[in-house]
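Here is my note on the model you sent. Please read it with the structure open.

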Amino acid sequence: MINARTTNVHQTEELAGAIASLARPRDIVVLSGEMGAGKTAFMRGFAAGIGVSPDETVSSPTFTLVHTYDTGKIVVHHADLYRLGRLSDVEDLGLRELADLGDVVVVEWGDVASDVLGDHLVVSLEADDDDEDTRQVTVSVAGHTWDSRWEQLKRALAKWGD
Ligand SMILES: Nc1ncnc2c1ncn2[C@@H]1O[C@H](COP(=O)(O)OP(=O)(O)OP(=O)(O)O)[C@@H](O)[C@H]1O
Ligand SMILES: [Mg+2]
């Protein structure tokens, strides 16, 4: 587990960019945290970090469930499962299959679906009682796909170390 703390939204975006620079085809990143925790902000930084054009607007895919960005080198899908009631609906979205094709998938409210997503990184964002712009960021992993990158990830996130 890696613990970090950001004190404004730009830091969360920057931290997300640092994670994105270590992301590989077939990765799934699950974003967990309450409403307003910063999941979409994280996705904005992640998209920028992986090479999505700054001209693209990264917003919550609330009604379409999945937004897809193609950098030319890699395809990134941004899903928001908030409105999905059943696990079978999540399976129908085929997020694991998209990742297995070689894409990267980032899932807001994905923790409810962690069982059907297979190996993934979990980034959890938590508000701070004392400061409205501070977020406790915890990074953990399900499976082994980050084993060989874990030390690198720790180093990349050390500047936000908590
Ligand atoms: N350190 C921080 N990290 C991230 N966001 C922050 C931080 N400090 C303040 N904010 C603000 O918190 C809000 C986070 O909103 P965002 O839409 O990213 O949350 P969310 O987790 O995606 O919510 P939802 O569950 O509704 O989709 C933004 O208005 C952002 O500016
Ligand atoms: Mg959101």
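1. His120 is buried, because its relative accessibility is 3% (buried means under 20% relative accessible area, exposed over 50%, partly exposed in between, with a 1.4 Å probe and protein chains only).

2. This is a predicted model, where local features need pLDDT of at least 70, side-chain atom pairs count only at pLDDT 80 or more, and totals for chains, interfaces and linings use all residues. Residues are numbered from 1 along each chain as written, chains are lettered from A and ligands numbered from 1 in the order written, and side-chain values use heavy atoms, without hydrogens and water.

3. His120 sits in strand 6, residues 120-127 (strands are DSSP runs of E, at least two residues; helices are runs of H or I, at least four; both are numbered from the N terminus). A polar atom of the His120 side chain lies 2.6 Å from the backbone oxygen of Gly118.

4. What does His120 touch, leaving aside neighbours within four places in sequence? Its contacts are Ile28, Val30, Ser114, Ser140, Val141 and Ala142 (contact means heavy atoms within 4.5 Å).

5. Now the ligand. There are 17 residues around ligand 1, and Thr12, Gly36, Lys39, Thr40 and Asp133 come nearest (a residue is near if one of its heavy atoms lies within 4 Å). Helix 2 (39-50) and helix 1 (9-20) each give at least two residues to this shell. The largest share, three residues, is from helix 2.

6. A backbone N or O atom of Gly36 is 2.9 Å from an oxygen atom of ligand 1. For a backbone N or O atom of Ala41, the distance to an oxygen atom of ligand 1 is 2.9 Å.

Key:
Polar contact = N/O pair within 3.5 Å; in protein donor to acceptor, adjacent residues only side chain to side chain.
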